Amino acid sequence: MSLDVAIIGAGFAGIGAAIRLKEQGVANFALFERDTRVGGTWRDNTYPGAACDIPSRLYSYSFAPNPRWSRTYSGSAEILGYIDEMVESAGLAPRIRFDHTVTGLVYDQAEGEWTVELQGREPVRARTVIVASGPLANPSLPDIDGVDVFEGKKIHSARWDHDYDFSGKKVAVIGTGASAVQIVPKLVETAESVKVFQRTPGWVLPRVNGRTSDWTKRLYAKSPVAEKAVRGAWFWGHESVALGVVWDSPFTRVVEALSKANLRRQVKDPWLRRQLTPDFSAGCKRLLMTSNYYPALQADNCKLVTWPIARLSARGIRTVEGIEHQFDAIVFATGFEVSKAGTPFPISGIDGRDLASEWSKGAYAYRSVAVSGYPNLFFTFGPNSGPGHSSALVYMEAQIDYITGAITKLLRFGWTALDVRPDAQARYNDDMQRRLQSTTWNSGCQSWYLTEDGFNATMFPGFATQYVNQLKTLDLADYKITATQLNGAPVLTA
Ligand code: N01
């Protein structure tokens with residue numbers, strides 16, 4: 001028997017979608033997870049210091065409030081615990097098929113069903129599919145000569161080896177993004193020495209991470225209204241930050257001034273300050289929220305290296321001026337292979353259309369969730385759904401509610417296919433790309449948000465409120481619906 005819904009990935013998005021489907025009475029679904037545990041990025045990123053730089057009150061689902069967050073910004077273990085609790089309380093465990101790696105999706109037009117191809121297993125059929133495999137699932141090693149030549153320990157931030165003992169070791173960290181600024185302060189505490197190889201300095205703002213008192217936790221547990229009000233306050237606070245972080249505007253200069261003041265306060269050495277001063281608009285790359293990165297860089301056993309890396313050697317890293325820095329271990333905090341062009345696995349739609357080819361110059365979708373020619377298929381964290389200033393979970397919740405609402409309608413009314421109209425999709429994307437022109441992300445720096453050609457397939461150019469609002473209603477006029485009569489003949493409706 002076919003599934004009504006196949007969900008690919010049991011991270012935040014997949015679990016959230018499953019909960020909402022259950023709440024709407026959809027029972028015939030399964031989650032396909034390549035790993036042996038739920039949690040997605042929070043299962044993978046367990047490096048020392050791993051934490052969220054968005055307040056937990058906002059980095060959680062509004063339909064699954066957690067009054068017990070221990071701090072303003074939670075660590076990865078606590079976030080993973082929150083995901084486990086959701087799985088437990090929704091009774092999702094029996095629905096998750098672990099160790100099931102999806103290798104492809106093929107649409108069967110005649111039946112209005114998808115074939116979910118699985119590595120080393122029989123394929124599964126499903127009427128609808130939610131691709132919730134996440135944009136930051138696959139770690140990326142840098143394109144540096146000699147990566148294979150280094151004979152010491154190599155660790156990627158997203159695949160931490162907790163058995164490796166850093167004490168007494170000489171360690172290099174390559175990269176200075178959101179992961180590195182959390183790792184470096186922890187490594188400095190244990191390693192003999194740490195050298196941080198920086199290619200581009202980022203804009204840093206302080207992160208004040210207060211402990212939540214027992215009294216406050218009790219208040220939130222007793223009064224969901226209070227919890228909701230605080231979440232609302234965080235939401236609108238972040239919305240106001242969009243003015244400086246999303247658009248390259250006079251407010252961006254305010255963000256930069258605040259960041260420079262923070263740099264002056266934390267770093268007294270003018271030469272180091274200069275090395276740490278970015279030369280691009282704040283927000284163009286992800287803002288770095290940390291209060292302990294600059295102090296860690298100035299620890300006696302830490303050094304910032306700004307000479308570009310020429311290559312890795314058997315014993316360390318050779319920089320372009322000819323010095324070989326020798327290490328016991330190299331930590332690659334170099335980010336992820338983000339599928340901003342192409343798809344996570346082959347996806348074949350109507351008439352054998354291949355989504356990877358269609359997205360080869362950059363991904364696009366309708367309202368980030370659906371693609372014309374690929375009916376009954378939905379994406380979480382799809383093209384142009386990234387926030388630069390707010391919680392990814394606010395965006396994810398809006399996607400999930402839109403997608404599960406569409407699926408519930410499709411199942412209830414017995415539609416065979418729900419396919420976005422190409423003109424609606426084109427209109428939406430023309431508007432996206434026009435609006436992206438005035439954003440910080442398109443203001444001239446290089447980041448994982450852009451393809452090599454500078455196409456922005458990742459970020460949403462607006463407030464979170466606008467993103468959420470556009471997903472509140474399923475505009476059926478933007479879709480072609482195919483329904484099947486009792487005698488099996490397909491009929492087309494508007
Ligand atoms: O990765 P990144 P990340 N030689 O791609 C450098 C999320 N996240 O893992 O800037 C030398 O941002 C690269 O240099 P440059 C968040 O969405 C969230 O830190 O390209 N250096 C950069 O410094 C984030 O955006 C949280 O010049 C090289 C670094 O490696 C995303 O994950 C926490 C290099 C990569 O930075 C990715 O963050 C952590 C080379 N060849 C992460 N190649 C939260 O708190 C790359 N680099 C929610």
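Predicted model: local features only at pLDDT ≥ 70, side-chain atom pairs only at ≥ 80, totals over all residues.
Domain 1 contributes 25 residues to the contact and domain 2 contributes 22 residues. Between the two domains an area of about 2000 Å² is buried, with 52% of it coming from carbon and sulfur atoms. On the side of domain 1, the residues that lose the most area to domain 2 are Tyr 47, Asp 53 and Thr 440, which together make up 31% of what that side buries.

Two salt bridges are counted between domain 1 and domain 2, and nine residue pairs are in polar contact there. By class, the domain 1 side that touches domain 2 has 11 nonpolar, 11 polar and three charged residues. A salt bridge also joins the side chains of Arg 159 and Asp 44, at 3.6 Å from N to O.

**The ligand and its shell**

Around the ligand there are 23 residues, of which Asp 53, Thr 176, Ser 179, Thr 200 and Lys 285 come nearest.

| Side chain | Distance to a ligand oxygen atom |
|---|---|
| Arg 199 | 2.9 Å |
| Lys 285 | 2.7 Å |
| Trp 448 | 2.9 Å |

Taken alone, the ligand exposes 910 Å², and the protein buries 84% of that area.

Key. Residues numbered from 1 in each chain as written. Heavy atoms only, no water. Near = heavy atom within 4 Å. Polar contact = N/O pair within 3.5 Å; in protein donor to acceptor, adjacent residues only side chain to side chain. Areas by Shrake-Rupley, 256 points an atom, 1.4 Å probe, with all protein chains shown as cover. Contact = heavy atoms within 4.5 Å. Buried area = accessible area lost by both parts, 1.4 Å probe. Salt bridge = Lys/Arg side-chain N within 4 Å of Asp/Glu carboxyl O. Nonpolar A, V, L, I, M, F, W, Y, C, P; charged D, E, K, R; others polar.
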